[in-house]
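Here is a short briefing on the model below. Read it with the structure open.

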Amino acid sequence: MASLRDIKGKITSTKKTSQITKAMQMVSASKLNRAEENAKAYVPYMTKIQEVVGAIATGTSDGAHPMLTSRPVKKTAYLVITADRGLAGAYNSNIIRAASNAIAERHSSKDEYVIFAIGRMGRDFFVKRGSNVIGDVIGLPDQPAFSDIKEIARRAVGMFTDGTYDELYMYYNHFVSAISSEVTEKKVLPLTDIAVEKGTTASYEFDPSAEAILEVLLPQYAESLIFGALLDGKASEHAMRMSAMKSATDNATDLIGNLTLVYNRARQAAITQEITEIVGGAAALE
Amino acid sequence: MKTLTVNIVTPDGPVYDSQVDMIIAKTASGEIGILPGHIPTVAPLVIGAVKLKKDGKSEYVAVNGGFVEVRPEKVSILTQSAEVASNIDVARAKESMKRAEQRLQGKADATDFNRAELSLKRAMNRINVYEGNI
């Protein structure tokens, strides 16, 4: 059995660790609140833009805008949104696994796809695997603003428009609730699934023309989709880090309980032994 | 007198939401003045100031592109970034104007040039809106 001092040392260090994980849990909880607020602030923008895009895209029946039409796929782009840091449970590995499985299934050679990475974990993974990472953003703040990812979103959309690739998929964690989230694959481009709500399709005048407006509107829409996914991902990152830290704290508490039990048992054994020795010693003197 | 509801929304949240008498915005094909009862319209905006007239006073909001959606009682402006005049960080705008000017003077390829030009436009727009000389 380990000595009393050893056990005591273990208890102290576990206590210290649990203090840290507890603090990280609380930090993530407050970040999660803010992230949810950000996601809420973004909703009106998205609903509005969706409404207008739907109204216009269906209004122009010839709808031959390149961003709305599928074309034969020669090259695919994947935008993978991960966190910069670990200690968030299975957050990063879930996304990376889903993305790399899909890639392995769909493509036989590395020339068939390119990667955009938001977040250090995803970037490092794909760079190490030798995939063609053509754009990355790392070190995003916990509450990202649209300007933080404007550049990469614009590039991702621009390279679709100029024909570098023919499809753009996003991989991110969709925030369901504070305790659950799911890895989501979303096809960003071409925009084939624009939902149209009936009744909102007011007949608009287009100034100067519907085509010219789509030219402005669709890239803006696609870029907003990417930003929306990032906000969603951030919220679930904080949620997952929070629950990972919570279970770490719980485990530490359990461990401390067990160790204390062992410690007390050892202490008692030592006392009993001491008494036996004293009694034995006294008996020998009589 | 009839009024219009104006919403200016960006991905980072709503920037402006109020009742006004008239809106003047710069679209790709020229300036447009919107009064209550306007026919439903959609038009792309250029980098510039949106003027909002209310009770005889005018307010300015700097917008960076995007588009305006007009309905008879409601106007929505959707843009990737917008700032009300009082919220503009003018020191930052001046700095980015300087940077953009330097980049424009240096030798750069076409894409860099375009980007620098755009950021110069944005910075100047912010400064103009802040100082109110429109």
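This is a predicted model. In chain B, eight residues of domain 1 are in contact with seven residues of domain 2. The briefing starts with that contact, then turns to the chain interface and to a helix pair.

**Domains of chain B**

- On the side of domain 1 of chain B that touches domain 2 of chain B, two strands each supply at least two residues: β6 (48–54) and β7 (57–63) of chain B.
- By class, this side of domain 1 of chain B has five nonpolar residues, two polar and one charged.
- The domain assignment of chain B places domain 1 at 4–85 and domain 2 at 90–131.
- The centres of domain 1 and domain 2 of chain B, taken over C-alpha atoms, are separated by 24 Å.

**Interface of chain B with chain A**

- Between the chains, 23 residues of chain B are in contact with 26 residues of chain A.
- Five strands of chain B each supply at least two residues of the side that touches chain A: β1 (4–10), β2 (13–20), β5 (41–44), β8 (67–70) and β9 (74–78).
- Strand β5(B) gives the most to this side of chain B, with four residues.
- The residues on the side of chain B that touches chain A divide into 11 nonpolar, nine polar and three charged.

**Strand pairing across the chains**

- Strand β5(B) also pairs with strand β6 (residues 205–206) of chain A.
- The sense of this pairing between β6 of chain A and β5(B) is parallel, and it runs over two bridges.
- Within β5(B), B:Thr41 stands opposite A:Glu205.

**Helix pair in chain A**

- Helix α4 (residues 146–161) and helix α5 (residues 210–285) of chain A have axes that come within 9 Å.
- The axes of α4(A) and α5(A) cross at roughly 125°.
- Roughly perpendicular ends at 115 degrees and roughly antiparallel begins over 145, so α4(A) and α5(A) are oblique to each other.
- The crossing of α4(A) and α5(A) is right-handed.
- From α4(A), the contact is made by A:Phe146, A:Ile149, A:Ala153, A:Arg154, A:Ala156 and A:Val157.
- From α5(A), the contact is made by A:Pro219, A:Ala222, A:Glu223, A:Ile226, A:Phe227 and A:Leu230.
- The residues of this contact of α4(A) with α5(A) divide into 10 nonpolar, no polar and two charged.

Technical notes:
Residues numbered from 1 in each chain as written. Chains lettered and ligands numbered in written order. Predicted model: local features only at pLDDT ≥ 70, side-chain atom pairs only at ≥ 80, totals over all residues. Axes fitted to C-alpha atoms, helices over the stretch in contact; angles between N-to-C directions. Parallel < 35°, antiparallel > 145°, perpendicular 65-115°, else oblique. Left-handed = near helix turned anticlockwise from the far one by under 90°. Contact = placed C-beta atoms within 7 Å. Nonpolar A, V, L, I, M, F, W, Y, C, P; charged D, E, K, R; others polar. Domains from an automatic or database assignment. Pairing = 2+ DSSP bridges.
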